[in-house]
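Colleague: I would like a close look at one part of this predicted model. Please take a pocket and then the helix packing, and keep it brisk.

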Amino acid sequence: MSSPADHKPAPRIGLALGGGGPLGGIYEIGALRALDEALDGLDFNNIDVYVGVNGGSFVAANLANQMTTAQLCRIFVRNEAEVHPFHPEVFYRPAFREIGSRLLAIPGLVSTAVSRFVNNPYDQSLLEAMTILAQAAPAGLFDNEGLHEYLKRAFTMLGRTNDFRQLKRSLYIVAADVESTEAVCFGAPGFDHVPISKAIQASTASPGLYVPVEIDGRYYVDGTLRKGLHASVAFEDGADLVFAVNPQVPIDASAAVRAGSMKPGELTRSGMPNLLSQTFRTMVYSRMQSGIAQYARDYPDKDILLFEPTRDDAKLFFSNVFSFQSRRMVCEHAYQMTRRDLLNRADQLEPKLSRYGIKLRRDRLEDEQRTISTSLYGEMLPLYVAKGRKKKSEKGRLAVGLDNVSHLFSKAQ
């Protein structure tokens, strides 16, 4: 007679991917490739629940749509896709319609400002009245409709879907409602009718950079406004173990200077975009650390394994998503950094992973010659060799057959 323990359900695995924009997504692809190779018993295309925010939503949706980590590397890092090739420029198309409508509003705003000053000259100065012109500033500089269009095409190809309800596993994409400030999980009941590509467009719409995305009469922006990681969504869906990748960490300039990856004062001299990036990363990272601590209290019987960059690495912080070489560097860097992290934590991770039927491949982690290129193409060499041998064998049998035919003809003569 079977005991209740024999009917214990298999543990559920979750994956939570953080933000960081296009380069954050590239970092996650490299980190996931390293995890994919090093963890036996874990299939990243068959995880029970996927959660993504900002750049992580892009990666999570592709994994849920049965795109392997190797394919992600080839398409989005190396641009080897023959169908629908990916170009980072789709993230940065100027919001011409938004900018144009704001420019057209300027005459009316000036008229309103002058009218207010004339009617109440002692209430405010003309300069104060003209502050209404701030409304002419666009809600965002870029329109990531191009990303939505690209993903819509990619997810309607054979074997993939742009419908949350048709996926084999749970996928949640997190965005923030501009007006209510609440986090919304596209893919959850009530929000699963929204196309996956549209949900990703909303989740990646960083405020100020992108125009908010309208969905069903509401406006949405980047979900990292609420949290850097939304691993709790995976836990609430029943995940027992969650693998989390957070690419968005602030640079520790002092540590980077000591590590030799940047010069003293370089961050301050690098201009406003990098200073704003540092400020935003700091806020997100602080909230994420608080969230990780809260998970331990709220889900004491569950596990989360977090992987993220070290804070002394200026190469990642100053990387340029438009640079093909930079994308390769970030992906390779994430790959090697994650491999080192796994090896350094191997003694701690192995007993935890074994409870979920996952084995850590130390032999692969200890291979110092291993790179993304060797992992992608080195494993294909035996196939090419086998095919070559097969062709050679077939040629040999053909040659023997021809020799036999020739011999028969010579005897007949």
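Modeller: Start with the second largest pocket, where α4 gives the most to the lining, with four residues. α4 (96-104), α8 (196-203) and β8 (213-215) each supply at least two lining residues. The volume of this second largest pocket is about 440 Å³. It is lined by 17 residues, and those closest to its centre are Arg97, Glu98, Asp143, Val211 and Pro212. By class, the lining holds eight nonpolar, three polar and six charged residues.

Now the helix packing. Two packed helices are described by the angle between their axes and the distance between the axes. Take α1 with α2. Their axes come within 7 Å and cross at roughly 45 degrees. Roughly parallel would need an angle under 35 degrees, and roughly perpendicular 65 to 115. α1 and α2 are therefore oblique to each other. The crossing of α1 past α2 is right-handed. On the α1 side, the contact uses Gly21, Gly25, Glu28, Ile29 and Leu32. On the α2 side, it uses Gly55, Gly56, Val59 and Leu63. By class, this contact of α1 with α2 has four nonpolar, four polar and one charged residues.

α1 also packs against α3. The axes of α1 (residues 21-38) and α3 (residues 69-77) come within 9 Å, and they cross at roughly 150 degrees. An angle over 145 counts as roughly antiparallel, and α1 and α3 are therefore roughly antiparallel to each other. Here α1 passes α3 in a left-handed crossing. From α1 come Ile26, Ile29, Leu32, Arg33 and Asp36. They meet Thr69, Ala70, Leu72, Cys73, Phe76 and Val77 of α3. The class count for α1 with α3 is eight nonpolar, one polar and two charged residues.

Last, α2 with α7. Helix α2 (residues 55-64) and helix α7 (residues 145-155) pack at an angle of about 10 degrees, and their axes are 12 Å apart. That makes α2 roughly parallel to α7. Phe58, Ala61 and Asn62 of α2 make the contact with Leu147, Leu151 and Phe155 of α7. Five of these residues are nonpolar, one is polar and none is charged.

Technical notes
Residues numbered from 1 in each chain as written. Predicted model: local features only at pLDDT ≥ 70, side-chain atom pairs only at ≥ 80, totals over all residues. Heavy atoms only, no water. Axes fitted to C-alpha atoms, helices over the stretch in contact; angles between N-to-C directions. Left-handed = near helix turned anticlockwise from the far one by under 90°. Contact = heavy atoms within 4.5 Å. Nonpolar A, V, L, I, M, F, W, Y, C, P; charged D, E, K, R; others polar. 1 Å grid on protein atoms, 1.4 Å probe; cavity = no way out; pocket = protein on both sides within 12 Å on 5 of 7 lines; lining within 4 Å. Points joined across faces, edges and corners; volume = space filled by probe spheres on them.
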